[in-house]
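Student: Could you walk me through this one? I'd like to start with the overall picture and then look at a few places in detail.

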Amino acid sequence: MNYQQLDILEFEIRFLEVVEAPSEPTELIRFKGATRKLNHQPEYKALSYCWGDATKRLPIEVNDQIIYISESLVHALYSVKSKPGDLLWVDAICINQDDPIEKANQVRLMHLIYSKAEATIVWLGGAGPNTKYAHTFLENMDRIGAHTFLQRLDLLGERHARPISVTKFNAALRITQRPARALRGLHELLAMPYWERVWIIQEIARAQAVSVRCGSFRFDLNTLIACSVHVKDLPQRSRTLINAIEEFRRQELDAQRGGLRMSLLEALLRSRYSLATNPRDKIYAMLGLTRDGQDLVPTPTYTESVEEVFRQLSMAFLRSPRPIDSVLLSLWAPLKITVEYTPSWVVDWADLAFNVPPWLISNLPGRFGRVEYEEGFGRPTFIEDQVGFPGRGRFLGAITSEYDLRSAPVPIEPEKREQSPWILQATVADNLFRRFLPNNSDSAAVLSADLTMALVRLLTRTVDPQVWELLPGKEYMEEVLKHLSQLLIDSVSIRVLANECLEYITNARETIVNHFNTKRDRRAGEGREARPPSERNRAGSTTRQTPISPIIRAIQKRNKREAALTNDPPPKENRNTLSTDARPPGPDSPIPLLHPCQDFVTWIRPSLAAYRLWSNIFAALDLRPEYGLGLASVVYGPSTHFILTPHAETEEGDEIYQLDGCYFPIILRPLSPGRFVVVGEACVGLDNDGHWLSARNCAWWQSSRTQNLALTILREDEEDV
């Protein structure tokens with residue numbers, strides 16, 4: 001096809017003007033090229049489609065020339081049902097794909113082309129065997145009024161879908177013939193390859209009106225997307241793609257009301273699962289949907305290499321007020337893995353989908369939507385493959401130990417042996433629950449001492465086998481316990497502390513039980529000898545009975561309830577203790593617990609609720625082996641805290657900082673006074689939604705002073721130079 005050069009300064013674009021549009025797909029559809037100025041507001045429709053199988057091609061006629069395009073595009077053109085004189089915009093034909101300069105300039109106008117079109121026709125592809133049942137179901141959704149809308153505050157009256165309730169979804173399903181096939185048809189529609197194209201995000205989000213077509217059926221986009229929540233077997237990747245489209249549509253609605261669009265970095269993370277034939281388009285497709293895209297990438301280019309495009313964008317992010325976000329991505333998805341001799345700070349922007357860990361792509365509104373008032377970072381310095389930049393931050397602690405199975409246990413000092421229960425309770429149990437299971441309603445009903453003794457049982461592998469079988473998620477419990485047992489508190493591993501705690505409490509139990517039994521026998525013997533035989537039968541009425549402690553009474557009731565769950569008989573109880581057995585406790589025996597506010601020993605077996613709480617917190621920690629997460633202990637002042645780190649990269653002596661303009665706490669490795677290497681991010685706790693806490697939510701960060709830092713990013717083979 002012959003193309004005439006466009007006048008870029010006049011915002012000229014090409015259209016396909018319909019000459020003849022036959023009703024039968026077997027007949028040749030004819031067009032002629034037409035050039036219009038975009039600022040003159042021509043009336044046209046834009047087509048959004050998936051190219052499909054490139055080996056299957058069909059002919060169309062343009063300017064009296066036969067050209068061959070993909071079979072999917074031909075069917076899409078027939079589906080528009082145009083009449084002669086109508087204007088269509090189709091990127092594959094209206095842009096000279098062999099002219100990289102024209103292509104780059106047209107890409108800059110893409111967001112305007114779709115926003116000024118009177119309608120955008122979405123072609124999903126040919127209909128499947130269950131499409132008609134899905135079409136009937138979606139019609140029923142509208143018929144029963146289940147689809148509610150939020151009206152736009154513009155003259156176009158475009159509507160934006162709200163979620164559909166389960167009740168209304170099921171009501172529409174009940175009046176649909178063959179509901180199982182209707183659900184399968186919804187699944188097929190939402191899993192089509194069309195949704196994977198990165199360009200369709202802009203094409204749909206910027207559109208004034210959208211009409212979805214699949215074969216001969218037409219669908220309302222709002223209804224289709226709203227129903228996706230209730231398609232249970234939809235793959236997570238497809239669900240993420242659909243959610244990204246809806247998020248960008250909502251953003252454009254807010255932008256028309258004066259709202260702020262998302263940053264380019266956030267847009268790249270949200271669209272990480274989308275695909276592009278040209279890797280550059282993963283970036284260029286987001287420029288028209290972001291507030292800083294035009295500043296970071298002023299001019300798209302198809303003449304420079306992909307590596308250079310990625311390098312320039314990474315450099316632009318490093319020069320922005322928040323460079324650390326790009327630095328963290330370069331640690332997980334560096335371009336140097338696929339392209340040798342690339343600087344370590346260059347990110348592979350086309351490969352963020354499966355290499356970036358979930359915590360870097362969660363809570364995006366909380367991370368990028370907040371306004372920062374810190375000074376941020378200075379201008380970076382690029383020297384060969386290294387980059388350095390000045391910054392400011394607050395010291396949050398130094399890593400003193402991390403998970404290492406090769407380390408031998410250090411024996412505990414004698415004076416710390418008696419303190420082991422309180423050390424485990426205050427430093428480990430309370431610390432982990434306060435950081436990683438906040439505002440848990442179940443934990444409020446369980447004594448802190450009960451939680452501590454359950455942890456001791458778990459660490460020493462002395463849990464009742466029947467109780468262990470009742471606990472969910474034992475596979476990740478084993479992994480977390482393995483990591484936790486290796487951490488150090490005052491140079492002593494938690495595993496040693498747990499063993500000493502169990503031994504100390506066992507010995508204390510024997511002493512206290514013998515004391516109570518001896519005292520009881522002495523009083524009973526003295527009472528019998530002092531009273532005549534006639535009064536010995538009335539001893540119960542003349543001797544003062546020791547009242548049952550409310551704590552002991554509650555424990556007795558709990559043991560009876562748990563015995564019913566585990567099919568164990570409740571332990572024999574007297575009025576002052578839960579057990580009078582003087583032998584060392586077995587795996588299912590009641591355990592004594594020393595409380596710092598009490599001057600007596602309470603015999604207690606860890607409750608099933610305490611074990612289940614530990615199961616919940618271990619699940620929340622989620623040591624993802626594919627990302628090398630591990631536990632580490634951090635010392636700040638007199639306190640020891642536990643954090644999550646990528647332990648494969650972390651070393652003892654690394655330091656944690658809250659950096660200006662950065663959401664996550666950052667692990668830095670000192671090279672010299674004031675000079676550090678960026679190691680990675682750290683997790684100091686979880687919020688109520690399970691997201692990693694920001695550095696500003698770290699409980700102890702405000703007690704630290706801000707200091708100037710010099711940060712460096714090094715290649716792995718340069719770190720020891």
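This is a predicted model: local features need pLDDT of at least 70, side-chain atom pairs count only at pLDDT 80 or more; totals for chains, interfaces and linings use all residues.

Student: What about the largest nonpolar core, which residues have the most contacts inside it?

Tutor: That core has 185 residues, and Trp-195, Trp-349 and Trp-614 are those with the most contacts inside it. Not counting residues up to four places away in sequence, Trp-614 touches Ala-429, Leu-432, Phe-433, Leu-451, Ala-454, Leu-455 and Leu-458. Another core, of twelve residues, lies apart from the largest one, and its members include Ala-632, Val-634, Ile-667 and Val-679.

Student: Switching to aromatics, how many pairs does a search of the whole structure find?

Tutor: The search finds 19 aromatic pairs. In one of them, Trp-332 and Tyr-627, the ring centres are 5.8 Å apart and the planes meet at 85°, so the pair is edge-to-face. Trp-332 belongs to helix H15, whereas Tyr-627 sits in the loop between helix H27 (608–621) and strand E18 (629–636), so this pair ties together parts that are 295 residues apart in sequence.

Student: Are those two buried or exposed?

Tutor: Trp-332 is buried, with a relative accessible area of 18%, and Tyr-627 is buried as well, at 14%; the cut-off for buried is under 20%.

Student: Which residues do ring pairs link into a cluster with them?

Tutor: The cluster consists of Trp-332, Trp-359, Tyr-627, Tyr-663, Phe-664 and Trp-692, linked by ring pairs.

Student: Where is Trp-359, then?

Tutor: Trp-359 is in the loop between helix H15 (324–332) and helix H16 (364–368), and with 6% relative accessibility it counts as buried. Its C-alpha atom is separated by 6.6 Å from that of Trp-692, although the two are 333 residues apart along the chain. Leaving aside neighbours within four places in sequence, Trp-359 is in contact with Trp-332, Arg-367, Tyr-627, Leu-629, Phe-664, Glu-681 and Trp-692.

Student: Now the surface: which residues make the nonpolar patch of about 290 Å²?

Tutor: Leu-28, Ile-66 and Tyr-68 make that patch. Leu-28 lies in the loop between strand E1 (12–20) and strand E2 (30–37), and it is partly exposed, with a relative accessible area of 32%.

Student: And Asn-63, what does it touch?

Tutor: Asn-63 is found in the loop between strand E4 (57–62) and strand E5 (65–70), and it counts as partly exposed at 35% relative accessibility. Apart from residues up to four places away in sequence, Asn-63 touches Met-1, Phe-31, Lys-32 and Gly-33.

Student: Last one, Ser-485: buried or exposed?

Tutor: Ser-485 is buried, with a relative accessible area of 8%, and its place is in the loop between helix H22 (474–484) and strand E14 (488–489). Beyond its neighbours within four places in sequence, Ser-485 is in contact with Leu-459, Ser-493, Ile-494 and Arg-495.

Notes: Residues are numbered from 1 along each chain as its sequence is written. Side-chain values use heavy atoms; hydrogens and water are left out. A nonpolar core is a set of buried Ala, Val, Leu, Ile, Met, Phe, Trp, Tyr and Cys residues joined through side-chain atoms within 4.5 Å. Buried means under 20% relative accessible area, exposed over 50%, partly exposed in between (1.4 Å probe, protein chains only). Contact means heavy atoms within 4.5 Å. Helices (H or I, at least four residues) and strands (E, at least two) are DSSP runs, numbered from the N terminus. Patches are made of residues with over 30% relative accessible area and no salt bridge: like charges are joined within 9 Å, nonpolar side chains (Val, Leu, Ile, Met, Phe, Trp, Tyr) within 5 Å. Accessible areas come from the Shrake-Rupley method with a 1.4 Å probe; for residues, only the protein chains shown count as cover. A salt bridge is a side-chain nitrogen of Lys or Arg within 4 Å of a carboxyl oxygen of Asp or Glu. Rings of Phe, Tyr and Trp (its six-membered ring) pair if their centres lie within 6.5 Å; planes under 30 degrees apart count as stacked, over 60 as edge-to-face and the rest as tilted.
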